[in-house]
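The model under discussion is shown below.

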Amino acid sequence: MKRIKKEPGKKKESGRGISGIGEKLAKLFELPPDLFGNRPKVTAVGRGEVLIENFKGIMDFDEGMVRINTNNGVIRITGSGITIKEITSEAIIIGGKISNIDYDA
Amino acid sequence: MFLVHLWNYIRGYVIIIAKGGGIERFINICTRRQILLWDIVRKDSDSVILKASLRGFMLMRPAARKSGCRIHILKKCGLPFILRRFRRRRGFKVGLIFFAALIVFFTSMIWEIEIQGCSNEVAEKIMKVLDEQDIRRGSFKMGLNPKRIAADILMHVEDIAWAGVQIQGVKMTISVQNITPRPEVVDENAYSNLVAERDGLITGIEVLAGALKVKEGDTVKKGQLLVSGKLEAQNPEFGTKYVHALGRIMARTWYDVRVPLDYEYTKRVRTGRTHENTYIRILNLRIGLFGNRNAFEDYDSVSYDKTVNGPFNLELPIGLTVEKQYEVTEKKVRLSPEEAEALALEKARLALNRELSPDCRVLDERVNILRSKTGETYLELILECEEDIAGQQPLGGD
């Protein structure tokens, strides 16, 4: 039982393990948590703009919704008139009238 | 954000439509290859519209092939595309260079010289100094040293204590500080008498130093001793003492002048016909326009300048000069005795006013009409004045 349970989760756990050490270190030295690891940082300014740093790529994009792949799972942003204002390898800025930011969707 | 837009505009960008199934994949590949994309909008189910830089567009083709998208340029925006249009126009380029050269050329000149803080006479002297150095409107700023100019002005113009020269853009400002005149110093060791400077009847005496030789009511001749600087003691054994005589001797004086009466007078009358000449003025050059002429045999002319003002209150060295000519005829006019007298009186007053000393007070004025033996008529004007007639006369060595 134990073995079976451990096996499928192994791949996911390894990635999470490294960031976990970074998290612990950051906590220990009271450093800002976004300095370590590649966890996504989501900044929403008002309702019209969401900035996501440390993302992996976009998965779906249309007028009402955009799904973004990150190390912590998929972030889905829904709203109306969704556009990608800017996209680089480090950050993505999403514009439009935003109604939801969902994790693991 | 505005700066980013401006930068993109300068660098040039393209609006692209991408079609196909794997648009998300296409965007991801572009991102991974460091291609900046912005303003991505979903158009319909299988196409998006996006913007990319020129360099980005070049790198985009392999990414599109890999993801199975087709990309088309909808619009080319930005400065490079606008400039490309002018690439073949030679005249445009030449004009651009010529324009830049003109701006550099004209901004390297002095366009206006302003002199502040002094009277017109001093300003004129300063202008003369500048003129000698060939500094005027239209001379080049290069090689002008404000400190040297200021020093030159100080060297060549008296009655100024300080001069400063500033060149701001195309304007040269010269500020001047006037000298306060040195007070007159009376040297009390230079012994002197006071003598009469003109004939007169003494009305008031005020002696500060010296021995008075006249009294109120005396009539004195020009050159007569009024106050002596030589003080003699009543007892000859005490000897004499010399002083610098000081004082004011007020006296009544008379001035007179004779002016012949003239019953005929030539008057210049404007006939009412006028003619206008127009000149274009550039710096000190006058260029006559077509049709300028001296329209009349005898004319008075009045001219005025129309100047063009540039920005920042700058008076430009170009403008129009309009000269208006009025035709004039000379007419002999017969005057009545009263008119002739009035005219002669005016002349006489003018002549006397030139003679009067500035601190003289006119008390009375008398007018006589005289007839000479030869039959000519004269107008005599006599002014009775009161003034200080005392003048210094240095005492000789004894």
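**Strand pairing and the chain interface**

Glu53(A) has Ala91(A) as its bridge partner in β6(A). This is a predicted model, in which local features need pLDDT of at least 70, side-chain atom pairs count only at pLDDT 80 or more, and totals for chains, interfaces and linings use all residues. Residues are numbered from 1 along each chain as its sequence is written, chains are lettered from A and ligands numbered from 1 in the order in which they are written, and side-chain values use heavy atoms, with hydrogens and water left out. Helices (H or I, at least four residues) and strands (E, at least two) are DSSP runs numbered from the N terminus, and two strands pair if DSSP finds at least two bridges between them.

**Strands of chain A**

- Strand β2 (residues 49-53) of chain A pairs with β6(A) in the antiparallel sense, over 5 bridges.
- Strand β4 (residues 65-70) of chain A runs antiparallel to β5(A), and 6 bridges join the two.
- The hairpin formed by β5(A) and β6(A) has 3 residues between the strands.
- Within this pairing, Glu86(A) has Ile93(A) as its bridge partner in β6(A), while Ile87(A) stands opposite Ile92(A).

**Strand pairing between the chains**

- Strand β5 (residues 73-87) of chain A pairs with β2(B) in the antiparallel sense, over 4 bridges.
- Thr83(A) has Val41(B) as its bridge partner in β2(B).
- Ile87(A), which stands opposite Ile92(A) in β6(A), also stands opposite Leu37(B) in β2(B).

**The interface of chain B and chain A**

- Contact (heavy atoms within 4.5 Å) involves 15 residues of chain B and 15 residues of chain A.
- The two chains bury about 1,300 Å² between them, 58% of it on carbon and sulfur atoms; buried area is the accessible area (1.4 Å probe) that two parts lose on being put together, summed over both.
- Glu24(B), Ile40(B) and Arg42(B) supply 37% of the area that chain B buries against chain A, more than any other three residues.
- On the side of chain B that touches chain A, α2 (23-32) and β2 (37-44) of chain B each supply at least two residues.
- β2(B) gives the most to that side, with 6 residues.
- By class, that side of chain B has 9 nonpolar, 3 polar and 3 charged residues; Ala, Val, Leu, Ile, Met, Phe, Trp, Tyr, Cys and Pro count as nonpolar, Asp, Glu, Lys and Arg as charged, and the others, Gly among them, as polar.

**The mixed sheet of chain B**

- An open sheet of 3 strands with mixed pairing has the order β5-β7-β6 (chain B).
- β5 (112-116) and β6 (160-168) of chain B stand at the edges with a single partner strand each, so one side of each is left without a neighbour in the sheet.
- The twist averages 15° from one strand to the next; axes are lines fitted to C-alpha atoms, for helices over the stretch in contact, and angles run from 0 to 180 degrees between N-to-C directions.
- β6(B) and strand β7 (residues 171-178) of chain B pair in the antiparallel sense over 8 bridges, with Ile167(B) opposite Met172(B) in β7(B).
- Helix α6 (residues 120-132) of chain B packs on the sheet and touches β5, β6 and β7 of chain B, its direction making about 140° with that of β5(B).
- Helix α7 (residues 146-156) of chain B lies across β6 and β7 of chain B and runs at about 150° to β6(B).
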